[in-house]
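Welcome! Here is a short tour of one protein model, starting with a pocket and ending with a residue named in a database record.

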Amino acid sequence: MIGDALRNRVENIDHESCDPGDEDTFFVGDLGEVYRQHMRWKKNLPRVKPFYAVKCNPDPKVIQLLAGLGTGFDCASKSEIEQVLNAGVDPARIIYAQPCKTNSYVRYVASQGVKQMTFDNADELRKIAKLFPNAELYLRILTDDSSSLCRLSLKFGASLEDTDGLLALAKELGLNVVGVSFHVGSGASDPLSFLKAVQDADVVFKQAYAHGFDLHTLDVGGGFSGDTFEDMARVLRESLDEYFPPHINIIAEPGRYYVSTAFTIACNIIARRAIENPATRETAYMTYINDGLYGNFSSIMFDHQHPIAKVLRSGRRCFYNTSYADAVPEGMNNGIEYSIWGPTCDGIDRITESIRFDHELDVGDWLYFENMGAYTKCSATKFNGFSDAHDVIYVCSEPGARALLGL
């Protein structure tokens, strides 16, 4: 279905006569993949209710599908909360998982009935006591996130040396602490980081009980990756069963886990330069495409991703999901060498330093990149006058998802 959608779009573009914008970058999103990831979650972590991290990809169809599947939503701003509420989601299914909140946003969520929120410092407790004393609070604790792609402990989380004092202050202020949260870092790779975080959370639960709080929920945050999910889920599942009895609710904040593999992007080659190696006489090409680091490939800079180009269409032939689409394996020097650059005038706007294909690519040909659903479109900019608004063609490879979406 993804290949058909890509092919139908690019085959209908005439580069000699099309209007400005017709040959722009576009996505194909398979909502069936989001559905499969949800079923995979339920199988491996049946005790843990996911609260989708909206910041990862606030695509409206993704929000609609996950709302229909009964997930909660992890929001970090007024805009995200507003989007989820406008999708018809009950405020009780939203956690304002931002330990350092804007005053006016706190007043907004209070007016909307979004009670769950996190904190990790004394000033935030005093702010909440003034603006929303009936909030349901989660104390976010510091974790070891050294194995993650994007570390969050540098910015958020109370150390175990501070948690008891924060709980004492919350009690003094008459606030309602209902749980503990942690985050092992975005794109974590070490399953044991979950074990240590769960052990630390158990310590804080005991501290809270000593202060008279009746904690009922543990938020295990995000960090889940599709490649290592089963291993991480096993460690987390066993840790939870050892330290937290069944009456404690467990929630999580997966983001990239749900959407990374669900979106494919297609980009057009808008220009190229031939570069000859004087020693070998080999001709290589600098290829320029209509998207880059300031657009949907911002994940290279912000999320430490390494998107791999594949050939979608060259000349009049489509190569999606064939051996001709793939690059020559690394280390082999046959084929033609390319570097791939974005469209802006900034020299850092490079997607790929070196890649080889078996055939020559020319202006007007198309490339595609898989696994482009996480931290891509959401962080694109309009730098240099290039648009951050790119079409999404939706397909759905799962009947269950189609039924929920009314397709």
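Which strand gives the most to the lining of the second largest pocket? Strand β15 (residues 350-357) does, with 7 residues. The model is predicted, so local features need pLDDT of at least 70 and side-chain atom pairs pLDDT 80 or more, while totals for chains, interfaces and linings use all residues. Residues are numbered from 1 along each chain as its sequence is written, and side-chain values use heavy atoms, without hydrogens and water.

A pocket here is an open set of points on a 1 Å grid where a 1.4 Å probe fits, with protein on both sides within 12 Å along at least five of seven lines; its lining residues have an atom within 4 Å of a point. This pocket holds about 440 Å³ of space. Among its 21 lining residues, E330, T352, S354, I355 and R356 are the closest to the centre.

| Lining class | Count |
|---|---|
| Nonpolar | 11 residues |
| Polar | 6 residues |

Finally, an unreviewed UniProt entry lists C345 for "active site". C345 sits in the loop between β14 (336-341) and β15. Is C345 buried or exposed? With a relative accessible area of 75%, C345 is exposed, because exposed means over 50%.

Notes: Grid points are joined across faces, edges and corners, and a volume is the space filled by probe spheres set on the points. Helices (H or I, at least four residues) and strands (E, at least two) are DSSP runs, numbered from the N terminus. Ala, Val, Leu, Ile, Met, Phe, Trp, Tyr, Cys and Pro count as nonpolar, Asp, Glu, Lys and Arg as charged, and the others, Gly among them, as polar. UniProt positions are given in the numbering used here, feature names are shortened, and annotations may be inferred rather than shown by experiment. Buried means under 20% relative accessible area, exposed over 50%, partly exposed in between (1.4 Å probe, protein chains only).
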